[in-house]
Structure formats: C-alpha cells, structure tokens
Amino acid sequence: MAELFHRKIERTAIGFVLAIIAAASVGGLVEIAPLFTIDDTVEDVADMRVYTPLELAGRDIYIREGCYACHSQMIRTLADEVDRYGPYSLAVESQYDHPMQWGSKRTGPDLARIGGKYSDVWHAMHMNNPRDVVPQSNMPGYPWLATTPLDISVLPAKLSAQRAVGVPYTDEMIANAARDAQGQATPDSDAAFEAMERYGEKTQVSAFDGITTQVTELDALIAYLQVLGQLTQAAYVDTAAPEAMPDEDPAGAPATQAEQ
Amino acid sequence: MSEEVEVDPVTGEQTTGHEWNGIKELDTAVPRGILIFIIVTHLFAFGYWVLMPAFPIGWTYTKGLLGINQHEVVEQALVQLQDERASWTQKIDQLPFNEIQADQALMTNVRDSGRQLFGDNCAACHGQDARGRSNYPDLTDGDWLWGDGSPEAIAETLRVGINSGHAETRMAQMPAFGRDAILDRQQVRQAALYIYSLSHPDASTPENIDQIEGGRTVFADNCAGCHGENAQGDREAGIPNLTDQYWLYGGDLETIIETIHGGRAGHMPTWDERLTPTEMKTLALYVHDLGAGAP
C-alpha cells in the first residue's frame, strides 16, 4: 500500500512538488506560526515605550555601521550572563525592534543593558576613539559621526515604515518626528518639552555629544545606546535577578532569594 | 506499469527495475547501523517532545512532563551562586565598614570580587588600575571631589551618582562664565591666571601681578561663593580645591580658561538599580582599599 502510494506520488510532478513544500514548511510552521498565536511568547507589559525618532535614527546608524557584527543585544538565560550583564533579556524588550538586534557574535560586550551605564561624555569620547577611554579596546573609531549632521528630514518616513510593521506611532508622532529629534538633543528647548509630552517623561533629553547647535549622527547613536534596556522595567520586575529587587529590604535580599 | 522483479545474479539483491544505457541500479536496503541510528534518534526526539516544552498547540504549547522552564533554571542557578557566596556576602551586608576592613579574610573576598565588579562596571571610565584620566577622576590618589574618601562616602556616590538620573543624585555644576557672558574675555583670563597662580606660586611675576590681582577680585566676586574665599572648595558639595596639584580636567592655563569659559558638569551614573547593595558595599571597600589607607 505504502509502496504503491510512493510509486504514485513520485510519478506525479506537481503532486510531488507540493508534497515537498508541505514537508519542508513543517519546521517553519512549528517555529514561526506560534509566535502569532501563543499569547505568552511576548510578555504583556504596560510600561513598554517606543523608540523616539532620534533613538530610531541612532538604531539605523548602529545597523549601518555594522555594530551588530561584534555586539549582541541578548542576555541569555545563563547564570554567568545575568551575573555580569544584568537580568536576562525578555522578548518584549525587542518588541519594537524591526529587525531585532539580538545577534550571537561577541567580539565586544553585550549591549542589551548598556543604557545609563556610562555617561554621554564617555560615549562621545569612546566613539571618537575607543582607546582614549579603554586602552585595551580593539573597537574601531567612528569619528565622522560627530561631524555628520543627522538627516532628520527622513524621520517621518522612518516612523511610518515602523508603523507599517506594527510599532504604535501616532500620526502626531510621525508629523513631528524631525522636531522631536531636534528637541531630544536640545535640553530646555520648547521642542524638548513637546518630545517628552509625546514620548513620556522618561524620555532622555540631553546634549548627548555635548553640542546643542547641531543634531549629529553621534547624538542619535548615543541617544540609542543610552535607551538600550531602558524601554521597560519588566526585566527587573519579573525575574529573580539580584538587581530585580528595588523594593526589597537590602539586608533581607539574600535570605528571601534562598527560600524560593 | 510493469511489476517485474529482477534479481541481480552476482549479489542476489533485487534491482530497482530502472535501466540507464544497460546499467541497472540495485535496490540495496539501508545498512543496519544507519537504520538503527535513525530509529534511535527518532525515539530520542519523541522522548524529548514528551519530556520537554516542544509543540505549539493553538494558543499554548506542550509544557513537557519534566516541567522544565529556562527562566526557572537560571533563577535556581542564581540562587545557588548567591548561596555559594553567602558565607562572606552576609558579613558584608551586616557588618559596618570598619569591622569588615579589620577582617583580613573578608577583605581578601572584597579584593577578589571587587576587582571583577570594578572591571565590569567602573574600569570603562576610571581605567582598570582606577587611576582615571582627563574627565575621569583618579580613585587611588586620596584626593576626593565628593566626600572624605571614607567607604561610606564612596558607597553613597556609587548609589546616587553625580548629576545622574537618581532622585537623590549628588549635584554640582559649574556655570559657563564665558559662554553665558557672565564674565568678559579679560576677566576670564585674569581669573584663570589667579587660579593658576594658587597652585603655581612661580607663575606670579612682576609683569603679570596686575593681572593676577585683577583675577583675585574677579574670583572674590564670582567664584568664592562656591569655591570659598581661600579657593579650597567643599567636598560635601563636590566643589574642587583649586589650590592643590590635582586637576580633573587639566591644570594648565589653557584648560583652566576653557573650564571657566564653558563650565563643567561631570557625570557619574547611579548604580542603585544595576548593582545590589552588597555589590556596591564591596566596590566601595575595594575602591577605598586602592587608596591604601588614604582617609
């Protein structure tokens, strides 16, 4: 019976092609389709923010310069990684990353929680020439970022493209994208306050590269680096990472952990 | 469709019945070893499906009989790590700084663990040797901008940061006297000369004594409010002493002029959420220890 079935399907060209396609797509269906149907693949958190236009522009520079070739943005569920980098990455933290920057190549350190770890000045010096701040670094310098003005005219189009793939940017955010980018890099300006109104008060307004008269690619990249791991507090709330205990009595922390 | 079975006389195997230019293909069975390997791997896969989280089923997935969850595994591993360190971290948590410092065994733990923590978190700015560089203070020289250099003061700086986003952050900002037109170019230059002469008595010569005296007036009117009449600053408010040989941004005349012109506002991140209280206490002791007995 099986013999006859095989003999038959093997000799029907179109039928055989369809059978191959069906067999080959099982892997894809099992791995990809559930991401759209299973509710808990991406954690549901209320405080997840979207990238501001300036951060989004910085993200594109990060991709353009190939930073992902040496830096991952994924703290794995391994004790050593959590010990060094902080709480392991949650899916929701890259919910608005299109495409995501998880990566697996670590010539440099993981950057998933680099935001807020170092000062803007440090990042500016480090981008200009990494050896100025980390003598043993083998990272190349990116000195042109500081002198290249950011093309803010394309930001509304960038935001629209992100909205097309599911990032909840509003019409107002898209219309004001260029102004918001300028505002985020110009502390105390009217545009800065407007950007904070649109993107929430956790939006980091700063001079980033230290110069407020011009928005450069360095401003955008530093803004992006400083928000990595800062878009939601979910990773600190839902995990047992030691850092995850902001509300706990410090002296009692180890004991409580051991009881779990 | 012919169903003739032809047997190869040499091997005794059946042929597939296909023929290409007189060459026929044997229908040899899969070797037993490979067949067994395939069966075993399939059985393993089946067992894995049953025991581990595997298959999507609509809105959920099969959790597996073992109930293994990566998140729980790593959490257990972290708890185990903490337990392994508990023998000394509990003492760090509970004892005051001076008692920890008196306990040599405990200080060995502090130096080992502190070195790791410093490398992961602090070395990027202060350098692995903690000697700092322009913009980033040397932590080994016993000269402190904020606090008296005691472990308590260092721990507080670690916790809240300087000009950071922390609610209780230490804050200090030097205004941009030149850029914001509080002083004119001449006044900036005079003040810089005066300040330079405080730490370089040789710089005061009969030719520029008028300039320096002018600078003294500018200093008294504009700078003394923060830096003090005698320019010795205030460690409780992060105001640097201008009379010593230690300069964060550079003590040459050009850099002093640049500082007065553009102002300064250093930034130290807060480590309150990134590090645990134990880790911050360990780091404070480690950094204090680097200064080797400095106050």
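Let's start with one residue: B:Gly165 is partly exposed, because 14 other C-beta atoms lie within 10 Å, a count between the 12 or fewer of an exposed residue and the 20 or more of a buried one. Keep in mind that this is a predicted model.

**Around B:Gly165**

Where along chain B does this glycine sit? B:Gly165 belongs to the loop that links helix H5 (151–160) and helix H6 (185–199) of chain B. Which residues does B:Gly165 touch, once neighbours within four places in sequence are set aside? B:Gly165 is in contact with A:Gly116 and B:Thr270. For B:Asn69, the C-alpha to C-alpha distance from B:Gly165 is 35 Å, and 96 residues separate the two in sequence.

**Where the chains meet**

The contact with A:Gly116 leads us to the meeting of chains A and B. Chain A brings 37 residues to this contact, while chain B brings 32 residues. On the side of chain A that touches chain B, at least two residues come from each of helix H2 (13–37), helix H4 (79–85), helix H5 (120–128) and helix H12 (253–259) of chain A. What kinds of residues make up that side of chain A? They are 23 nonpolar, eight polar and six charged.

**The domains of chain A**

Now let's look at chain A as a whole.

| Domain of chain A | Residues |
|---|---|
| domain 1 | 2–41 |
| domain 2 | 53–240 |

The centres of domain 1 and domain 2 of chain A, taken over C-alpha atoms, are separated by 41 Å. An unreviewed UniProt entry places the feature "domain: Cytochrome c" at residues 53–229 of chain A. That span, residues 53–229 of chain A, is 41% helix and 0% strand, and its end C-alpha atoms are 17 Å apart.

**A closer look at one helix**

Helix H6 of chain A covers residues 155–164, and its buried residues are A:Leu155, A:Lys158, A:Leu159 and A:Gln162. Why do these buried residues line one face of the helix? Viewed down the axis of H6(A), they fall within an arc of 95°, so they share one face. On the other side of H6(A), A:Ala157 and A:Ala164 are exposed.

What covers the buried residues of H6(A)? The cover includes helix H3 (53–64), helix H7 (171–175) and helix H8 (177–184) of chain A. After H6(A) comes A:Gly166, which has a positive phi, near 110°.

Notes
Residues are numbered from 1 along each chain as its sequence is written. Chains are lettered from A and ligands numbered from 1 in the order in which they are written. This is a predicted model: local features need pLDDT of at least 70, side-chain atom pairs count only at pLDDT 80 or more; totals for chains, interfaces and linings use all residues. UniProt positions are given in the numbering used here, feature names are shortened, and annotations may be inferred rather than shown by experiment. Helices (H or I, at least four residues) and strands (E, at least two) are DSSP runs, numbered from the N terminus. Domain bounds come from an automatic or database domain assignment. The arc is that of the directions from the helix axis to the C-beta atoms. Two residues are in contact if their C-beta atoms, placed from the backbone, lie within 7 Å. Ala, Val, Leu, Ile, Met, Phe, Trp, Tyr, Cys and Pro count as nonpolar, Asp, Glu, Lys and Arg as charged, and the others, Gly among them, as polar.
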